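I set out to record what I looked up in this structure, entry by entry. The sequence and the coordinates are displayed first.

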Amino acid sequence: MTPISEPSSDELPIILLIDLATDNAVPEAVVRAQLPPDAPPPHVLRLSEHMYVRPATGTPPSWRSTVTAIERMLQAARDLEPERP
């Protein structure tokens, strides 16, 4: 994995974890290890926390419901952003 670049001081670090399957999931610790050591703690948003039911393999039973869950996750990320003048 390529390390994630350092966010600017006004950016909120957010990790969008697209956890499509249970059998071959990338552990959150592996993703966090790519952050710079002095980065502030990120908000981690998982696809499985946005009404996505994870199958064992990476092939979702319904791509439409997967896209809907991704849209929910992206909205949750937008909701975490501070208001800009």
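The entries below cover the fold, the salt bridges, the nonpolar cores and one proline.

**Entry 1. Basis.** I worked from a predicted model, in which local features need pLDDT of at least 70, side-chain atom pairs count only at pLDDT 80 or more, and totals for chains, interfaces and linings use all residues. I number residues from 1 along each chain as its sequence is written, and side-chain values use heavy atoms, with hydrogens and water left out.

**Entry 2. Fold and surface.** I looked up the secondary structure and found two helices and two strands in the protein chain. Helices (H or I, at least four residues) and strands (E, at least two) are DSSP runs, numbered from the N terminus. Along the sequence, I read the pattern as β-α-β-α. The protein chain has 85 residues, of which 26% are buried. I use "buried" for under 20% relative accessible area, "exposed" for over 50% and "partly exposed" for values in between (1.4 Å probe, protein chains only). I noted an accessible surface of about 6,000 Å² for the protein chain, with 56% of it belonging to carbon and sulfur atoms; the areas come from the Shrake-Rupley method with a 1.4 Å probe, and for residues only the protein chains shown count as cover. I then checked contacts (heavy atoms within 4.5 Å). Of those between residues at least 6 apart in sequence, 74% join residues at least 24 apart.

**Entry 3. Salt bridges.** I counted four salt bridges, each being a side-chain nitrogen of Lys or Arg within 4 Å of a carboxyl oxygen of Asp or Glu. Side chains of opposite charge can pair when their charged atoms come close. Which residues are linked in a network of salt bridges? I listed Asp 19, Glu 28, Arg 32, Arg 46 and Arg 54.

Arg 46 and Asp 19 pair at 3.5 Å, N to O. This pair links distant parts of the chain, 27 residues apart: Arg 46 lies in strand β2 and Asp 19 in the loop between β1 (14-17) and α1 (28-32). Both Arg 46 and Asp 19 are buried.

Glu 28 also forms a salt bridge with Arg 46, the closest N and O atoms being 3.1 Å apart. Here the link runs from helix α1 to strand β2, across 18 residues.

For the salt bridge of Arg 32 with Glu 28, I recorded 2.7 Å between the closest N and O atoms. Arg 32 and Glu 28 are four residues apart in helix α1, so about one helical turn separates them. Arg 32 is partly exposed at 35% relative accessible area, and Glu 28 is partly exposed at 23%.

**Entry 4. Nonpolar cores.** I take a nonpolar core as a set of buried Ala, Val, Leu, Ile, Met, Phe, Trp, Tyr and Cys residues joined through side-chain atoms within 4.5 Å. The largest has six residues: Leu 45, Leu 47, Tyr 52, Ala 69, Met 73 and Ala 77. Helix α2 supplies the largest share of this core, three residues. A second, separate core of five residues includes Ile 15, Leu 17, Leu 35 and Val 44. Beyond four places in sequence, Leu 45 touches several residues, including Ile 15, Leu 17, Met 73 and Ala 77.

**Entry 5. Pro 60.** Where does Pro 60 sit? I placed Pro 60 in the loop between β2 (43-46) and α2 (63-80). Pro 60 counts as buried because its relative accessibility is 6%. Leaving aside neighbours within four places in sequence, Pro 60 contacts Tyr 52, Pro 55 and Thr 66. I also noted Ala 21, 39 residues from Pro 60 in sequence and 8.1 Å away, C-alpha to C-alpha.
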